[in-house]
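I opened my notebook to look up a few things in this structure. Here is what I wrote down as I went.

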Amino acid sequence: MSNSVIELPVIQSDRALACCAPLAREPMTADQAEQVSGLLKAIADPVRLRLMSLILSHQGGEACVCDLNDAFDLSQPTISHHLKVLHQAGLLDREKRGTWVYYKAKPEALSAMNTLFATAGRQLS
């Protein structure tokens, strides 16, 4: 049996964030929808959604992998994989300090996602 690693495609996060105009303002193009769906797919996984929540609610808005492991019944490599997916999607920044990697949500990514859904509810009311 081969131990080959399956690589996920790198999401072009800058492009995805740039096209995050409010959904209710005008219809998205097919290309915009494709780009934004990558961000939404990255955060749609329950583990990744919890990781985002844990990082955002952690003191200072950043957390070390070592701070996140105990919240899950998963191995450290699995958690690191999920963090990598969030990072590749453009949702997290990471910084290596010694042997540990610290993660912090990218404010521009959160702002873009907020903008995407910001006016949708108001126009439906």
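I looked up leucine 116 and found it in helix H6 (residues 107–118); helices here are DSSP runs of H or I with at least four residues, strands are E runs of at least two, and both are numbered from the N terminus. Leucine 116 counts as buried because its relative accessibility is 2%; buried means under 20% relative accessible area, exposed over 50%, and partly exposed in between (1.4 Å probe, protein chains only). I also checked alanine 24: its C-alpha atom is 8.5 Å from that of leucine 116, though they are 92 residues apart along the chain.

Next I checked how to read this model. It is predicted, so local features need pLDDT of at least 70 and side-chain atom pairs pLDDT 80 or more, while totals for chains, interfaces and linings use all residues. Residues are numbered from 1 along each chain as its sequence is written, and side-chain values use heavy atoms, leaving out hydrogens and water.

Then I turned to confidence, given as pLDDT, the predictor's score for each residue from 0 to 100. The protein averages 79, and 77% of the residues score at least 70. Helix H3 (residues 46–57) has the highest mean, 96, and helix H7 (residues 120–124) the lowest, 48.

Leucine 40 was my next stop, in helix H2 (residues 30–44). Leucine 40 counts as partly exposed because its relative accessibility is 30%.

Last, I noted the overall picture. The protein has seven helices and three strands, and 34% of its 125 residues count as buried.
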